[in-house]
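Work through these exercises with the model open. Each has a task and a stepwise solution.

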Amino acid sequence: MHAGGTPSWVIRENASRSVLLALYLRDVLAIASPVELPHLRDVGPVGPRLEMDQHDLLERQWRAWWAMTVEPEAHPSPVPLELVDAYDTEVALPVSGAEVLAAAVVPHAEAARAWADWAHEGYRSASASRRGDSYRAYAGTIAEHEREVGRRAHSFELNVEVLPLAAPGVWWIGAMSVAVTDSLRSDASAFDDAIHPIIAELA
């Protein structure tokens, strides 16, 4: 998306399967991080928890994977990645330093992939029903910001992940990535109000 001429802005909106899978596994494995990001609706811990030291290690390994998942270019793996067979080509983890996580996610593969299918299709349906509203939603907010500050918006990129989170809101999940609750995204007026501070910070 471009505001016309230069400078320009690019906003990518999605409900990425990789992000959905990571958050589903976060919840079923009872991982608290990132503490500021609400949990998914109707998803909770499944099965026994690991011993405390192993669970702490699991959390650290998940956080590293989460950073690579949200913004892979900004957080490249220091070692090669290896696909987790149970997830086909959807989950790749470092060949070393992610052993606890790799073992923990395998039992949840079938449920995780089915849930990601459902959540991604829900986003696609909601997005289709907005019929081109996505561009207007962001362009209008940027135009309003430009009027407020009396100048053109700076060039920037923003990734917006629309997710079925249990609480409404917008949260930074990376240097140029935010998560927004699907219910908030479907409320045009509320979404405009919520995304405005994000745009103002970048533009």
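This is a predicted model: local features need pLDDT of at least 70, side-chain atom pairs count only at pLDDT 80 or more; totals for chains, interfaces and linings use all residues.

Residues are numbered from 1 along each chain as its sequence is written, and side-chain values use heavy atoms, with hydrogens and water left out.

**Exercise 1.** Find the salt-bridge partner of Glu13 and state whether Glu13 is buried or exposed.

*Solution.* 
- Step 1: Locate Glu13 in strand β1, residues 9-14. Strands (E, at least two residues) and helices (H or I, at least four) are DSSP runs, numbered from the N terminus.
- Step 2: Apply the salt-bridge rule: a side-chain nitrogen of Lys or Arg within 4 Å of a carboxyl oxygen of Asp or Glu. Arg185 meets Glu13 at 2.8 Å, N to O. This pair links distant parts of the chain, as Arg185 sits in helix α6 (residues 182-185), 172 residues from Glu13.
- Step 3: Check accessibility. Buried means under 20% relative accessible area, exposed over 50%, partly exposed in between (1.4 Å probe, protein chains only). Glu13 has 17%, so Glu13 is buried. Arg185 has 2% and is buried.

**Exercise 2.** Which side chains make polar contacts with the side chain of Glu13?

*Solution.* 
- Step 1: Recall the rule: N or O atoms within 3.5 Å; within protein, one must be able to donate a hydrogen and the other to accept it, and residues adjacent in sequence count only if both atoms are side-chain atoms.
- Step 2: Read off the side chain of Tyr123 at 2.9 Å.

**Exercise 3.** Where in the chain does the Arg41 and Asp182 pair lie?

*Solution.* 
- Step 1: Confirm the salt bridge: the closest N and O atoms are 2.8 Å apart.
- Step 2: Arg41 is in the loop between α1 (17-28) and α2 (52-70) and Asp182 in helix α6, so the pair ties together parts 141 residues apart in sequence.
- Step 3: Check accessibility. Arg41, at 32%, is partly exposed. Asp182, at 25%, is partly exposed too.

**Exercise 4.** Trace the network that contains Glu90.

*Solution.* 
- Step 1: Start with Glu90 and Arg113, whose closest N and O atoms are 3.0 Å apart in a salt bridge.
- Step 2: Follow shared partners. Salt bridges join Arg17, Glu90, Arg113 and Asp117 into one network.
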